[in-house]
Amino acid sequence: MHIYLVGGAVRDKLLGKPLVDRDHVVVGAHPEDLLAKGYRPVGKDFPVFLHPQSGEEYALARTERKTGHGYHGFAFHADPTVTLEEDLARRDLTINAMAEAEDGSLVDPFDGARDLEQRLLRHVSPAFVEDPVRLLRVARFAARFAPLGFTVAPETMALMQQMVRDGEIDHLVPERVWQETRKALAEAQPSAFLRVLRQAGALAVLFPEIDALYGVPQRAEFHPEIDTGTHVEMVLDMAARIAPGNDVVGFCALTHDLGKALTPADVLPRHIGHEHAGVAPLQRLVARLRVPTEHATLAEQVCREHLNAHRAFELKPATVLRLLSSLDALRRPERLALFLAACEADKRGRLGHEDDPYPQAAYLRRARDTAAAVRSEPLVAQGLQGPAIGEALTAARIAAIASLGRAVS
């Protein structure tokens, strides 16, 4: 029995990155061999075990054979005769198909180390086309490693385009699309996820609402980058800068301007009412991908209210309170923080405006704290009852916000 460290742990070690997950492959063993050593079985489709002390994953070396469409259309074979190279050959990218032996030596049958040096995301074998999730994974890895200069190898992009033409990605289930998208939104440069999918032709299939934004012009005095799709890419990367690793803010950034794709041609490059027009396509996207409620609810708020956040200093105090109440910010200040992060990303996700200040955020936070400090107990003590308490509480909170003026300390 031989045990190897495999996959992302080997890749990240060579890149000098901290190791988050350590996965292992066991060659030359039966499941009974691991059970006898105290390993706990967890795999449903193939033999995967947890180490009795570390809890790290150990999988028996296996091969796979295509039996149908989609992610589940595979039959797996695991026994002691499966070699390490056969196990590595079924992996998606060469940089993920390396192993480290127990003596520390590198096993690299597909030149993954070379591709790391050349900053290439390259497929291991033509079998890449058999699993449509791999297309999403390549785009996600592009979002992770784009800051290091990684690009998709031309031959791999050609295979991805073939997968779209052949309809293989039509068999992706919504849960896997969302799972990979959510991870991509938490990466360092999420714009690369969109660019790779778009180059492959997959963005129009999986995210038609996003793909429709490319080529839609905006007013140059407000958006020097002009193209709405480019703007969304910039907002995504700014969101990753403002709220690193937060996929909720990332999803809000991704979907905040969907209404601009619906602007009539004779109105362009203006987008009157786009914030309200964007709600319907957002709701369709959310329903199709089964996006979690937390993401969907805040994304709709950002879509509908981001212009009000930008105009915060111009809003009447009553409108400010309505905005805060719609976010449930008085009870849940953390939701206001996420909302403001997405709005700030929108404002700064414009060519030449990347380092602009966003004082609206500080003002709205102060307005929230000031309004939340107004309590109902004194009103009850004054003898108010029923609806009168709510009316007086609202009036007092509006007055408190009005007392702030427009200055931000």
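This briefing describes the fold and selected local features of the protein.

The model is predicted, so local features are reported only at a pLDDT of at least 70 and side-chain atom pairs only at pLDDT 80 or more, whereas totals for chains, interfaces and linings use all residues. Residues are numbered from 1 along each chain as its sequence is written, and side-chain values use heavy atoms, with hydrogens and water left out.

**Overall architecture**

- The protein holds 20 helices and eleven strands, where helices (H or I, at least four residues) and strands (E, at least two) are DSSP runs numbered from the N terminus.
- Along its principal axes, the C-alpha trace of the protein spans about 80 × 55 × 35 Å.
- Of the 409 residues, 49% count as buried; buried means under 20% relative accessible area, exposed means over 50%, and partly exposed lies in between, with a 1.4 Å probe and protein chains only.
- Among contacts (heavy atoms within 4.5 Å) with a separation of 6 or more, 66% are accounted for by residues 24 or more positions apart.

- Helix H11 covers residues 228-242, and its 15 residues should span 21 Å at 1.5 Å a residue, which agrees with end C-alpha atoms that are 21 Å apart; the expected span is 1.5 Å times one less than the number of residues.
- Eleven of the 15 residues of H11 are buried, so this helix is largely enclosed by the rest of the structure.
- The buried residues of H11 include Thr-228, His-231, Glu-233 and Met-238, and what covers the buried residues includes helix H7 (174-185), helix H8 (191-200), helix H12 (247-255) and helix H17 (333-348).
- Asp-227 caps the N-terminal end of H11, with a side-chain oxygen 2.8 Å from the backbone nitrogen of Gly-229; a polar contact is a pair of N or O atoms within 3.5 Å, and within protein one must be able to donate a hydrogen and the other to accept it, while residues adjacent in sequence count only if both atoms are side-chain atoms.
- Ile-226, in the loop between helix H10 (208-211) and H11, has a positive phi of about 65° although it is not a glycine, and at 34% relative accessibility Ile-226 counts as partly exposed.

**The loop between H12 and H13**

- His-271 is placed in the loop between H12 and helix H13 (274-277), and at 12% relative accessibility His-271 counts as buried.
- Leaving aside neighbours within four places in sequence, His-271 is in contact with Val-216, Pro-217, Gln-218, Thr-228, Lys-260 and Thr-263.
- Pro-269 also lies in the loop between H12 and H13, and a cis peptide bond with omega of about 5° joins Leu-268 and Pro-269.

**Cysteines**

- The count of disulfides comes to zero, a disulfide being a pair of cysteine sulfur atoms within 2.5 Å.
- Cys-252 is in no disulfide, and its nearest cysteine sulfur, that of Cys-343, is 8.4 Å away.
- Cys-252 counts as buried at 0% relative accessibility, and Cys-343 likewise counts as buried at 0%.

**Aromatic rings and charges**

- The structure holds five aromatic pairs; rings of Phe, Tyr and Trp (its six-membered ring) pair if their centres lie within 6.5 Å, and planes under 30 degrees apart count as stacked, over 60 as edge-to-face and the rest as tilted.
- Tyr-39 and Tyr-58 form an edge-to-face pair, 5.2 Å centre to centre with 75° between the planes.
- Tyr-39 lies in the loop between helix H2 (31-36) and strand S3 (40-41) and Tyr-58 in strand S5 (residues 57-60), so the pair ties together parts that are 19 residues apart in sequence.
- Tyr-39 is buried, with a relative accessible area of 9%, and Tyr-58 counts as buried at 8% relative accessibility.
- The rings of Phe-145 and Phe-150 have centres 5.1 Å apart and planes at 40°, so this pair is tilted, and ring pairs link Phe-141, Phe-145 and Phe-150 into a cluster.
- The charged end of Arg-140 sits over the ring of Phe-141, 5.1 Å from its centre, and Arg-198 lies over the face of Tyr-214, at 4.0 Å from the ring centre; a charge sits over a ring if NZ of Lys or CZ of Arg is within 6 Å of the ring centre and within 35 degrees of the ring normal.
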